[in-house]
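Please open the model in your viewer and follow the stops below in order, selecting each group as it is named.

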2 protein chains.
Amino acid sequence: MRKISSRFSIATHILAMMAFNHPLTGDQMAGSVQTNPVVIRRIIGQLKKAGLVNVKAGTGGARLTRDADQITLLDIFNAVEVVEDNVLFNFHEHPNLDCPIGANIERSLRRTMSEAQAAMEDKLARVTLRQLAGELMELE
Amino acid sequence: MRKISSRFSIATHILAMMAFNHPLTGDQMAGSVQTNPVVIRRIIGQLKKAGLVNVKAGTGGARLTRDADQITLLDIFNAVEVVEDNVLFNFHEHPNLDCPIGANIERSLRRTMSEAQAAMEDKLARVTLRQLAGELMELE
DNA sequence: CTCGTTGTAACCATTATAGTTACATCGATT
DNA sequence: AATCGATGTAACTATAATGGTTACAACGAG
């Protein structure tokens with residue numbers, strides 16, 4: 001299967017940079033991530049929409065809207081990895097209603113899927129941007 | 001982002017069917033899942049490679065290689081959702097080494113990613129095909 | 001007014017998914 | 001032996017996500 005996109009790691013990287021150096025331009029971030037500035041701007045756009053980041057027009061520069069310990073990795077994940085109905089697992093859509101097994105399996109399988117997703121999200125929710133930067137931020 | 005493919009739910013569906021009706025043909029499964037038989041055969045191929053299923057050549061018919069309580073949803077997931085290096089999360093590949101943040105973030109972010117994946121897998125590992133079928137299997 | 005920056009639009013190449021047709025091959029039955 | 005249903009693949013298609021790219025309008029500060 002396809003991996004979860006690099007938008008998540010890129011977003012986390014640039015947000016961590018913002019936690020140190022306050023106003024940062026897209027080109028500076030693109031230099032650190034080593035990708036095209038437009039890729040960065042698209043991600044910044046998603047982070048803005050999620051309310052994690054403010055961008056100054058004209059002169060440029062992005063900064064966090066709150067403290068790094070108020071932003072979890074789940075906040076970042078949900079900002080850049082948007083999935084339909086916030087449901088990660090697909091379920092084949094036309095199971096034959098004449099098949100008693102399909103009908104009965106669906107409910108419990110969907111529940112397990114949902115629990116699995118929730119367990120993953122919980123791990124992301126327990127780590128803040130602050131914790132991630134960790135030792136580095138002590139030096140500030 | 002893209003959802004996890006329907007192969008997982010389809011594979012679980014047809015394995016649950018096999019837990020009841022022992023030798024099952026691909027066309028019967030395709031009828032219950034309501035998809036093309038070739039899609040089923042491709043999934044069966046993956047389940048065979050993972051050692052979960054036996055297929056009788058010529059006359060046809062697939063059956064489980066072990067009891068339904070010896071097959072977990074994680075077994076099924078790993079059989080049909082193969083991801084490079086078994087690592088679900090991507091990490092952008094050329095972070096600039098001159099950026100101290102990128103370098104320092106990578107290790108801890110990768111750890112959290114790995115924990116999140118493990119938490120999800122653990123939920124899948126705790127449910128067996130037998131448990132999923134649940135009440136239905138009591139009637140056997 | 002100019003300059004650097006941002007926000008988008010418009011492409012492009014690559015890849016995964018899901019479906020489809022076609023066909024060689026196998027084993028059992030007649 | 002010939003036939004029949006079933007499996008295993010190859011080949012092709014359409015659709016969509018990802019990641020990169022160029023181009024350009026708009027904005028604010030100097």
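**Stop 1: DNA strand C and its surroundings**

Of the atoms of DNA strand C that lie within 4 Å of the protein, 56% belong to sugar or phosphate, while the rest belong to bases. Bear in mind throughout that this is a predicted model. Select the residues around DNA strand C next: 26 residues surround it, and the closest are Arg41(A), Lys48(A), Gly58(A), Ser6(B) and Arg42(B). Coloured by class, this surface shows 6 nonpolar, 12 polar and 8 charged residues.

At Arg41(A), an N or O atom of the side chain is 2.7 Å from a base oxygen of DNA strand C. Now display helix H3 (37–49) of chain A and helix H3 (37–49) of chain B, the elements that give two or more residues to the surface near DNA strand C.

**Stop 2: helix H4 of chain B**

Move on to helix H4 (73–80) of chain B. Because 6 of its 8 residues are buried, H4(B) is largely enclosed by the rest of the structure.

**Stop 3: Glu81(B)**

Follow chain B into the loop between helix H4 (73–80) and helix H5 (100–125), where Glu81(B) is found. Is this residue, Glu81(B), buried or exposed? Glu81(B) counts as buried because its relative accessibility is 3%, below the 20% cut-off. Its side chain is joined to that of Arg7(B) by a polar contact of 3.4 Å. Leaving aside neighbours within four places in sequence, Glu81(B) is in contact with Met1(A) from the other chain letter, as well as with Ile4(B), Ser5(B), Arg7(B) and Phe8(B).

**Stop 4: Gln117(B)**

Finally, select Gln117(B), which is found in helix H5 of chain B and counts as buried at 8% relative accessibility. A polar atom of the Gln117(B) side chain lies 2.8 Å from the backbone oxygen of Asn86(B). With neighbours within four places in sequence set aside, the contacts of Gln117(B) are Met120(A), Asn86(B), Val87(B), Leu88(B) and Phe89(B). Although Gln117(B) and Phe89(B) are 28 residues apart along the chain, their C-alpha atoms are separated by 8.1 Å.

Conventions
Residues numbered from 1 in each chain as written. Chains lettered and ligands numbered in written order. Predicted model: local features only at pLDDT ≥ 70, side-chain atom pairs only at ≥ 80, totals over all residues. Heavy atoms only, no water. Helix = DSSP H or I, 4+ residues; strand = E, 2+ residues; numbered from the N terminus. Buried < 20%, exposed > 50% of the residue type's maximum accessible area, 1.4 Å probe, protein only. Polar contact = N/O pair within 3.5 Å; in protein donor to acceptor, adjacent residues only side chain to side chain. Contact = heavy atoms within 4.5 Å. Near = heavy atom within 4 Å. Nonpolar A, V, L, I, M, F, W, Y, C, P; charged D, E, K, R; others polar.
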